[in-house]
Amino acid sequence: MRLLGCAVAALATAVPALASSDSFNEVQSKLDLDLRWGTYRPNLYFGTRPRLPASLLSGLIWFGLDDQRGWQHARHSCELGDNLAEYGYSRHNGRDFGEQLLVDGDQQVQIRSEFVKVPGKQGGSWAVRFSGRTLKDNVQGVSLAYYFGLEGNGTMSMKVSSRMARISGETADLGRFRIRIVPAKKNTSPERHPALRNVQGIPDAVRISGVGMSVPTSDVWRAKDLFQEKVFGQARTQASAILKQTDGKGPLTGSVLFQLRNEALSDSGSNLFFAQMIVHGEFAFDVIYECADEDAAIKTRDIAALASSRREDFDRRFEAVFGLHAKGFDADEVEMAQRALSSLIGGLGYFYGSSLVSPDPQPEYGEGEVSTSTPELTAPYALFAGTPSRPFFPRGFLWDEGFHLLLLSRWDADLSMEVLRSWFRTMDERGWMAREQILGDEARSKVPKEFQVQYPNFANPPTLLFAVKALAERLESSASTPADMADQLEAVYGAGAGTEQTLTPEHMLDLLQHASRQLDYFMDTQAGDRHGYRWRGRTPDHTLTSGLDDYPRARPPSTHELHVDLFSWVTFMLEVTTGLAAYTPEINRTREQLLAAHVQRLDELHWSDAHKMYCDVTRQARADYDELEDDEGDADESVFVCHKGYVSLFPMLLGLVPRDSPKLGSILDMLEDPDELWSEYGIRSLSKSDALYGKGEDYWRGPIWININYLVLASLHKNYIDDGPHREQAERIYRGLRANLIRNVLGEYRQTRFFWEQYNPEDGHGQGTHPFTGWTSLIVLIMAEQYA
């Protein structure tokens, strides 16, 4: 690790032209354009937007028509309560292709989406083909609507014919654009009930209809609510007319009540347009967005060929990157791994808005009164980030993102760099980044008020450094052979990757500056007693800032606590930044000394010989304290707080325990013991022998989490199975754990069609929220045995 900086520096010296700011900016501009458009609204079942603030949004809405109340349950944003049997991307390359299947039993429809993009000026053009069928019990069909809405300044108008809906528009950032929404000729409408044939005022069934609205730009994200208000108002008027003409007999069928009439299509103030199709049986329709660049035009007949070609390219590249067929996995297992990667990529989103931040730190036990400062909205800013779970956590989480990037950086280093740089741009001058990025009204609508405020003294595990370290190692590897720059970049990116190659020394040095500032923030704001560290944000039952929420800590909480996981994280930060700073001798010598001191201090503060494990530390009153005989300063004493589990593993997880240390043997014994952490489904978060195992909220008190299991495997594989006195035991644990995780995660996906937030330690079933395609997607790297 300490050689990384030398490699980066050597490469920077060898290729000064590449590291010039002009080249840096040119590469970045090309990447920005290439990634302008995408499926960057992961909170929706399907939606697109550009990576631009206050621009053009689009999305899909549907509801079944058999139940007259179906409109109340219209599908738009991903919701656990919708009970979809399946959704998530089966292939997504992060650039110009993504496909997914949506199976909605309650609304009786199955929908497939195929997204393709063509490069060009202003971000190019894109299209999505929706195809599917209503399910066998459906009679009245389903309402499908696709919308476009402008969040900022610009103009749009719509025209609807019997063949398609057309939208033309213009904005300052997108230029002129045109949109076509084209239903397939094979689409059929539900049959009209005979009793309604002579009722006047019922519109004829049409292939497509449209409606425009003028809404506040701040409300465009509420498109589903606005659509529901519109269709309900129209249905109520239609129902009244039908009942009046049929002496109250009806019938009131959904396909008649909820068909939109063309309205406000060319009004100058309209900024939100819906195109609706009511279909029954098999159906398809295309949505085609074209920029003004004629070379980027997309014809309806081209979509299938584009999707087919990119599907084949994805499969070839997936095998080239991960080699799962070559490792002996069958086609079904490889497909599940593709879905894990693709759903992670499909969870990437562009977010823009203000965050709610307290102007003052949140005081804690013994530190003063609880803050009464009124939280303030920051100036709006952007974030390009992954999302842990599209229905439940559809926003950026700092602790999760580093794990996401471990996989993403293997697939697309440029894309990974873009996410990294976006996160680091949210960093303030002290090195603080909000651990949860709740940007704008749409994001806040999904978060309870008590969790919306971010505090500037609340840190979060610095997992972004996983990606920084992994990318630096790839750059080091490419620079370690006497090759020219083209060969070196090919070694980093892979032949024919078609990327912009932003993994350059200048980019890495930019990341180093941010990583160093983040380290300074941790050492300043999270400092504790005796040169240790303490997570701020503690409550009696939670340490949310640690990422391990309800994992047992000292009771009662105290400002004298020292947390071994946090000490390990700070030491890891020192190791990474020391390695990257090796080209600056004076700074590097200081950091090396500080790193050595931390490695030594870790054992002195947190290793318990009595418990044979690393533990948290706190202070408590001495039982034998005598007020008359003893000094007041001796009234309490330092004691270990020991709970075998993920927290006690962190020194080993981050590679801080030497391979020849006897401490490693004790840790491996704990891992392998079925009465402690070992299970047939993965490593438990808390020992089965702990009094708090499975108790209370039971979030991190036993359930199996894939991110920590990945770290166990990565550390064993990289640090402990090749050499040392514990090599055989480390290898045995590695082989058994890897097999258990693959069998259980893929088995649960095969049975439920979802990846899960966590897995039960007793029977392995998936639990928590789903789909959870954030760090659970690390199963791909576990299968490939690729560890950062």
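Me: In this predicted model, is R75 buried or exposed?
Reply: The cut-off for a buried residue is under 20% relative accessible area. R75 has 4% relative accessibility, so R75 counts as buried.

Me: With which residue does R75 form a salt bridge?
Reply: Side chains of opposite charge can pair when their charged atoms come close. For R75, the closest N and O atoms of the pair are 2.8 Å apart, and the partner is D104.

Me: How many residues apart in sequence are the parts that D104 and R75 tie together?
Reply: D104 is at 0% relative accessibility and counts as buried. D104 lies in strand 5 (residues 97–104), whereas R75 lies in the loop between strand 3 and strand 4, so the separation in sequence of the parts they tie together is 29 residues.

Me: Which residue forms a salt bridge with E114?
Reply: E114 counts as buried, at 14% relative accessibility. In the salt bridge of E114, the closest N and O atoms are 2.7 Å apart, and the other residue is R311.

Me: What is the N to O distance in the salt bridge of E676 and K644?
Reply: E676 is buried, with a relative accessible area of 10%, while K644 counts as partly exposed at 27%. Their side chains meet in a salt bridge with an N to O distance of 3.2 Å.

Me: How far apart in space are V128 and D286, C-alpha to C-alpha?
Reply: V128 is in strand 7 (residues 125–134) and is buried, with a relative accessible area of 0%. Beyond four places in sequence, the contacts of V128 include F285, D286 and V287. V128 and D286 are 158 residues apart in sequence, but their C-alpha distance is 5.8 Å.

Me: Is K663 buried or exposed?
Reply: K663 is in helix 16 (residues 662–672). Neighbours within four places in sequence aside, K663 is in contact with D603, W607 and Y614. The relative accessible area of K663 is 19%, and a residue under 20% is buried, so K663 is buried.

Me: What is the omega of the peptide bond that joins H770 and P771?
Reply: Most residues other than glycine have a negative phi, and most peptide bonds are trans. P771 is in the loop between strand 26 (766–767) and helix 19 (779–784). The bond from H770 to P771 is cis, with omega about -10 degrees.

Me: What is the phi of N83?
Reply: N83 is in the loop between strand 3 (56–64) and strand 4 (89–92). N83 counts as exposed, at 52% relative accessibility. N83 is a residue other than glycine, yet its phi is positive, near 60 degrees.

Methods: Residues are numbered from 1 along each chain as its sequence is written. This is a predicted model: local features need pLDDT of at least 70, side-chain atom pairs count only at pLDDT 80 or more; totals for chains, interfaces and linings use all residues. Side-chain values use heavy atoms; hydrogens and water are left out. Helices (H or I, at least four residues) and strands (E, at least two) are DSSP runs, numbered from the N terminus. Buried means under 20% relative accessible area, exposed over 50%, partly exposed in between (1.4 Å probe, protein chains only). Contact means heavy atoms within 4.5 Å. A salt bridge is a side-chain nitrogen of Lys or Arg within 4 Å of a carboxyl oxygen of Asp or Glu.
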